[in-house]
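Visitor: I would like a close look at one part of this model. Please keep it brisk, and give the cut-offs as you go.

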Amino acid sequence: MRPDYVDFHTHLDLYPDLAQAIATCDRLRVATLAVTTHPKAFERNVELSADSDFVRVGLGLHPQLVADRHLEIDLFESLLPRTRYVGEVGLDRGPAHYRSFELQRLIFERILRACAEQGNKILSLHSVRATKPILDMLDEHLPPDRAGVVLHWFTGSKAAVRRAVDRGCYFSVNEGMLASASGVRVIREIPIDRVLTETDGPFLTRDDKPIKPGDVGRAVEMIASCAGSPVEVVRAKILSNLKRLLQSD
């Protein structure tokens with residue numbers, strides 16, 4: 001696989017046609033992590049991407065769905081040996097999901113413990129208003145040498161960025177994040193050798209339409225602008241970062 005771009009967090013199965021979305025990523029030569037939101041979605045994603053050179057599937061249990069789908073944790077654990085990639089998982093302490101936060105913590109702990117036991121995993125983490133609990137639980141339950149961690153659409157403080165960087169985390173960045181002043185402040189704190197790109201499609205929109213699968217070119221341009229570096233240098237660096245992450249274990 002020799003990709004031209006990286007989309008390390010997208011929901012291909014939430015586009016109208018999963019097979020077409022996979023084909024688009026292949027045509028564009030975008031190394032893609034297709035995250036899932038619950039374990040029952042995993043096998044269909046794997047089946048349809050089996051012949052793809054560029055799409056890999058993450059096994060997920062989204063924190064926003066934990067209240068309704070927490071009983072799928074057993075299925076999650078049974079499927080985990082079949083994939084290196086885990087996502088979307090994590091914690092969400094936003095107002096709409098605060099009531100399930102303790103249950104989210106219990107499920108996330110089981111996920112981290114299972115990943116630590118098996119090793120050689122790469123996680124894409126959701127951390128809305130939960131940066132400190134996420135980092136605390138990583139420190140407690142998932143040794144850095146047992147898994148790579150990518151913080152998706154990260155909105156934590158400068159201190160949290162430093163803590164995550166010291167732990168070895170990567171950050172997947174999309175154009176929506178970089179459209180805000182707070183997002184620009186965050187990206188300027190992240191070392192360029194820890195940056196990946198993502199779309200978070202179809203949730204991220206452009207011109208009031210869902211962003212297309214693998215469409216990370218504008219994100220690369222915005223990162224380059226923040227870093228004061230040529231676009232092609234940043235694109236190559238992101239590819240290098242992905243290669244290093246995949247070789248980390």
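Visitor: Take the pair H5 and H6: is the crossing left-handed or right-handed?

Guide: H5 passes H6 in a right-handed crossing. A word on the basis. This is a predicted model, in which local features need pLDDT of at least 70, side-chain atom pairs count only at pLDDT 80 or more, and totals for chains, interfaces and linings use all residues. Residues are numbered from 1 along each chain as its sequence is written, and side-chain values use heavy atoms, without hydrogens and water.

Now the geometry. H5 spans residues 101-118 and H6 spans residues 131-141. Both names follow DSSP runs, numbered from the N terminus: helices are H or I with at least four residues, strands are E with at least two. The two helices pack at about 35°, and their axes lie 10 Å apart. Axes are lines fitted to C-alpha atoms, for helices over the stretch in contact; angles run from 0 to 180 degrees between N-to-C directions.

Next, the contact, meaning heavy atoms within 4.5 Å. H5 brings Phe101, Arg105, Phe108, Glu109, Leu112, Arg113 and Ala116. H6 answers with Pro133, Ile134, Met137, Leu138 and His141. By class, the contact holds 8 nonpolar, 1 polar and 3 charged residues. Ala, Val, Leu, Ile, Met, Phe, Trp, Tyr, Cys and Pro count as nonpolar; Asp, Glu, Lys and Arg count as charged; the others, Gly among them, are polar.

E4, H5 and E5 form a right-handed β-α-β unit. For a crossover, right-handed means that, with the strands pointing away from the viewer, the path from the first strand over the helix to the second runs clockwise.

Look at the strands themselves. E4 and E5 pair in parallel over 6 bridges; strands pair if DSSP finds at least two bridges between them. Val89 has Leu125 in E5 as its bridge partner. E5 and E6 (residues 147-152) also run parallel, joined by 5 bridges. There, Lys121 stands opposite Ala147 in E6.

Conventions
Left-handed = near helix turned anticlockwise from the far one by under 90°.
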